[in-house]
Amino acid sequence: MAPMKLYGATMSWNVTRCAVALEEAGAEYEIVPINFATAEHKSPEHLARNPFGQVPALQDGDLYIWESRAICKYAARKCKPDLLKEGNLVESAMVDVWMEVEANQYTSALDPILFECLISPMLGGSTNQKVVEDNLEKLKKVLEVYEARLTKCKYLAGDFLSLADLNHVSATLCLFGTPHASVLDGYPHVKAWWSSLMERPSVQKVAALMKPSA
């Protein structure tokens with residue numbers, strides 16, 4: 001069977017979120033670059049993959065999937081279902097909870113920081129420090145909850161690695177490309193959790209992929 005195709009660029013943490021899941025799941029895949037400078041993401045060919053004209057998009061045979069977290073779930077279900085713990089009602093519920101927390105609490109606070117520090121300067125703009133500071137305060141409140149959780153278990157959903165942990169990797173790697181990575185220093189259990197994720201070959205491979213555009 002042909003490898004899956006992940007359309008996008010490794011400068012996008014939404015794309016590399018998928019790459020971490022695909023790597024950890026042991027999926028066969030290739031990254032197909034999309035050229036934003038030529039508006040390839042708005043081309044008819046790409047709109048057939050993702051009708052919103054965004055990245056990522058995943059092709060697996062005749063199936064097209066968009067939205068990064070849906071792609072991550074698909075990769076886990078197809079290649080490594082244990083990342084979702086769907087055979088255990090309680091464990092799978094906690095995976096679901098912490099995947100929602102990642103999307104709606106952690107990354108929603110982190111996204112504006114990354115945009116202001118990394119993307120805006122690339123587009124010729126300047127960093128809005130008030131936006132950064134406001135969202136750093138939001139992120140710190142989220143990290144307080146994470147710190148409390150990680151005093152009770154090694155990973156977010158329990159004492160097992162899950163997609164809930166892996167979905168944090170790409171945006172957190174980008175945080176280390178900003179002046180604000182030290183925000184994690186005040187949360188020792190969060191730092192230990194992050195260090196354990198960084199030891200994984202899947203994370204190391206994606207971190208290396210992201211370096212040229214960091």
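How many residues of domain 1 are in contact with residues of domain 2?

1. A word on the model: it is predicted, so local features need pLDDT of at least 70 and side-chain atom pairs count only at pLDDT 80 or more, while totals for chains, interfaces and linings use all residues. Residues are numbered from 1 along each chain as its sequence is written, and side-chain values use heavy atoms, leaving out hydrogens and water.

2. Two domains make up the division of the chain, domain 1 (4-79) and domain 2 (84-206), with bounds from an automatic or database domain assignment. Their centres, taken over C-alpha atoms, are 21 Å apart.

3. To answer the opening question, 14 residues of domain 1 are in contact with 24 residues of domain 2 (contact means heavy atoms within 4.5 Å). About 1,600 Å² is buried between the domains, 68% of it on carbon and sulfur atoms; this is the accessible area (1.4 Å probe) that two parts lose on being put together, summed over both. On the domain 1 side, Trp13, Val20 and Glu24 lose the most area, together 42% of what that side buries.

4. Look for salt bridges too: the rule finds 5 across this interface of domain 1 and domain 2 (a side-chain nitrogen of Lys or Arg within 4 Å of a carboxyl oxygen of Asp or Glu). The side chains of Arg69 and Glu102 also meet in a salt bridge, at 2.8 Å, N to O.
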